[in-house]
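Subject: The structure we talked about

Hello,

Here is the structure I promised to hand over. Have a look through it first, and then read on for what turned up.

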Amino acid sequence: MLLSDPRVAAVPVHDSGEPLTELDESFGSSRALVRVSVARRLALARAGLPEGLGLRVIEGYRTAAQHAIIRSYADEIRVSHPAVGAAELERLTSRFVAPMAVAPHVAGAAVDLTLVDSGGRELDLGTPVDATPEQSSGACYFDAPLAGRHARANRELLAQVLRGAGLVNYPTEWWHWSYGDRYWALMTGATAAVYGPVGRDQVAR
């Protein structure tokens, strides 16, 4: 299911009012902002990894950047699909970047992340983080066939610890995981999302 599916937008939001918090450098130099409970769940997931492995969060909360990514990727699609209509363009764009109304990153509910070793080197997960379906020939999809067995094993390990901590994956992006947003609610059967769009001024002090 893609984020452009009307069933995602139909999920009600009962925002908990939980603030954003900054991840410390143990999760990477980006020091991403996420909701407090997302940060706790990431710590729980990391604790489930084998010794010597960690999580590197590339990006969490974003607002203006979401608009820019939507525009950029839509332009890329128009080049490869010049006859595409508006509805199909939105659907294709949503494989890689969520519409603003339902975007988990805008709610502080999502992270883009990968696995690293004790030296901070990223493990092989098949594609770089943020590889588009076009750039990766579809290998960015979580369940895509992969050439190396290490990449598949690493994706399964990532999924094991993150799902165990209550996060859900967006299946077209192996690196994108969220908790508390509309997509999470739909995938888990929750009656409502607990996080909606939030302002940067809602950072915990």
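Ala151, Asn154, Arg155, Leu157, Leu158, Ala159, Val161 and Leu162 are the buried residues of helix H6. Please keep in mind that this is a predicted model. The cover over those buried residues includes helix H2 (36-47) and the strands S3 (54-59), S4 (110-116) and S6 (176-178). H6 itself runs over residues 149-164, 16 residues in all, and spans 22 Å from first C-alpha to last, close to the 22 Å expected. After the helix comes Gly166, with a positive phi near 95°.

Next, the aromatic side chains. How many aromatic pairs does a search of the whole structure find? There are five. One of them joins Phe142 and Trp177 edge-to-face, with 6.4 Å between centres and 85° between the planes. Phe142 sits in the loop between H5 and H6 while Trp177 belongs to strand S6, so this pair ties together parts 35 residues apart in sequence. Phe142 is buried at 3% relative accessible area, and Trp177 is buried at 0%. Another edge-to-face pair is Tyr179 with Tyr195, at 6.1 Å centre to centre and 70° between the planes. Because Tyr179 is in the loop between S6 and H7 and Tyr195 is in the segment after H7, that pair links parts 16 residues apart in sequence. Tyr195 is buried, with 3% relative accessibility. Together with Trp184, Tyr179 and Tyr195 form one aromatic cluster.

Tyr179 deserves a visit of its own. Is Tyr179 buried or exposed? At 13% relative accessibility, Tyr179 counts as buried, because the cut-off for that is under 20%. Beyond its sequence neighbours, Tyr179 touches several residues, among them Ser37, Val38, Ala109 and Leu167. Gly166, the residue after H6, is also touched by Tyr179. Tyr179 and Ala110 are 69 residues apart in sequence, yet their C-alpha atoms are 6.6 Å apart in space.

Two arginines lie over ring faces. Arg163 is over Phe142, 5.4 Å from the ring centre, and Arg46 is over Phe27, 3.9 Å from the ring centre.

Last, two backbone spots to look at. Arg31, in the loop between strands S1 (20-22) and S2 (33-35), has a positive phi of about 45° although it is not a glycine. Ser137, in the loop between helix H5 (133-136) and H6, also has a positive phi, near 55°. Arg31 is partly exposed at 31% relative accessibility, whereas Ser137 is exposed at 70%.

Enjoy exploring!

Best wishes

Notes. Residues numbered from 1 in each chain as written. Predicted model: local features only at pLDDT ≥ 70, side-chain atom pairs only at ≥ 80, totals over all residues. Heavy atoms only, no water. Helix = DSSP H or I, 4+ residues; strand = E, 2+ residues; numbered from the N terminus. Expected span 1.5 Å × (residues − 1). Buried < 20%, exposed > 50% of the residue type's maximum accessible area, 1.4 Å probe, protein only. Contact = heavy atoms within 4.5 Å. Phe/Tyr/Trp six-rings, centres within 6.5 Å; stacked < 30°, edge-to-face > 60°. Lys NZ or Arg CZ within 6 Å of the ring centre and 35° of its normal. Lists of a residue's contacts leave out its neighbours within four places in sequence.
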